[in-house]
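Take a moment to turn the model around on your screen. Then follow along as we walk through some of its parts together.

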Amino acid sequence: MAHESEQVWSATVDHLRTMIDSGELPPGSRLPAERALCEQLGISRGSLRQALRVLDSIGYVQIRAGSGTYVREQGTEESPLSSWFSEHEQLVEKLFDLRATVEPTLAERLARQHTPRVVQRLADNVAEMEAAAAAGDMLRVIATDAEFHRVIAGNAGNDDVADLLRSVLALVGEERRAALRLPGQIRKAVAEHRAILDAISRSDAAAAREITLKHLLDAKTYAHDYASS
């Protein structure tokens, strides 16, 4: 079962999605100030910020530093995946390469210094991603995928490497949404996240590094092949 704080931000994501989908928060509009939203929804600032990060990662809102959070304009239809990857292939490859340089090291480090609380958070995340996939909730699949990698980055140390990855993950958006729509990719991602979790929980640092690296390079290769086919 997910921890209470995670249930709060997860419910907040659903609440804000409903407000956006219904038009109560129209495209292009700025969300109310944090304090007002917290009071309206009856939640803490921490839960609200977590929910907003998730909504940003799945394309519902855009967080602009120093300005606030805005509802994104939603396209009427998505461009075909193969066309999207063809047009953005260099960006996708650079982001996957950068992540492959940093993330395996952090997974390795977390395997050496993890706590039961962090392992449980990752386990809850994998279970939620699997349930979202089974329910066909693509937005939640994308959000839980992003959150899995954020939890690792956020708990593997506070040095420049971890800070770099958190910055990189803040950039990951469109390519994550597109990559997880590739045939069979969700099932593969869930299985690989479970394998990374297993390695971390066993304190198998070498396996955590190896599986994370393969996870990222496979996704990069699959996206490249799909765009070329």
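Ser203 sits in the loop that links α9 to α10 (205-228). Keep in mind as you look that this is a predicted model. What is the phi of Ser203? Its value is near 60 degrees, which is positive even though the residue is not a glycine. That deserves a second glance, because most residues other than glycine have a negative phi. Is Ser203 buried, partly exposed or exposed? With a relative accessible area of 44%, Ser203 is partly exposed, since that class lies between 20% and 50%.

Now look for Glu108, which belongs to helix α4 (residues 81-113). Leaving aside residues up to four places away in sequence, Glu108 touches Ala205, Ala208 and Arg209. Glu108 has a relative accessibility of 15%, so this residue counts as buried; the cut-off for that is under 20%.

Next, follow α9 (residues 185-201) and its neighbour α5 (residues 116-135). Their axes come within 10 Å and cross at roughly 165 degrees. Angles over 145 degrees count as roughly antiparallel, and α5 and α9 are therefore roughly antiparallel to each other. Their crossing is left-handed. On the α5 side, the contact is made by Val119, Leu122, Ala123, Val126, Met129, Glu130 and Ala133. From α9, the residues taking part include Ile186, Ala189, Val190, His193 and Arg194. Sorted by class, the residues of this contact are 11 nonpolar, 2 polar and 2 charged.

Helix α9 also packs with α6 (residues 138-155), at an angle of about 25 degrees and with the axes 12 Å apart. How do these two helices run, roughly parallel or roughly antiparallel? Angles under 35 degrees count as roughly parallel, so α6 and α9 are roughly parallel to each other. Here, too, you can find a left-handed crossing, as α6 passes α9. In α6, Met138, Val141, Asp145, Phe148, His149 and Ile152 meet Ile186, His193, Ile196, Leu197 and Ile200 of α9. This contact has 8 nonpolar, 2 polar and 1 charged residues.

Finally, let's visit the strands. Strand β1 (residues 61-64) and strand β2 (residues 68-71) run antiparallel and are joined by 4 bridges. One example to find is Gln62, whose bridge partner in β2 is Tyr70. Together, β1 and β2 form a hairpin, with 3 residues between the strands.

Note on methods. Residues are numbered from 1 along each chain as its sequence is written. This is a predicted model: local features need pLDDT of at least 70, side-chain atom pairs count only at pLDDT 80 or more; totals for chains, interfaces and linings use all residues. Side-chain values use heavy atoms; hydrogens and water are left out. Axes are lines fitted to C-alpha atoms, for helices over the stretch in contact, and angles run from 0 to 180 degrees between N-to-C directions. Angles under 35 degrees count as roughly parallel, over 145 as roughly antiparallel, 65 to 115 as roughly perpendicular and the rest as oblique. A crossing is left-handed if the near helix is turned anticlockwise from the far one by less than a right angle, and right-handed if clockwise. Contact means heavy atoms within 4.5 Å. Ala, Val, Leu, Ile, Met, Phe, Trp, Tyr, Cys and Pro count as nonpolar, Asp, Glu, Lys and Arg as charged, and the others, Gly among them, as polar. Two strands pair if DSSP finds at least two bridges between them. Buried means under 20% relative accessible area, exposed over 50%, partly exposed in between (1.4 Å probe, protein chains only).
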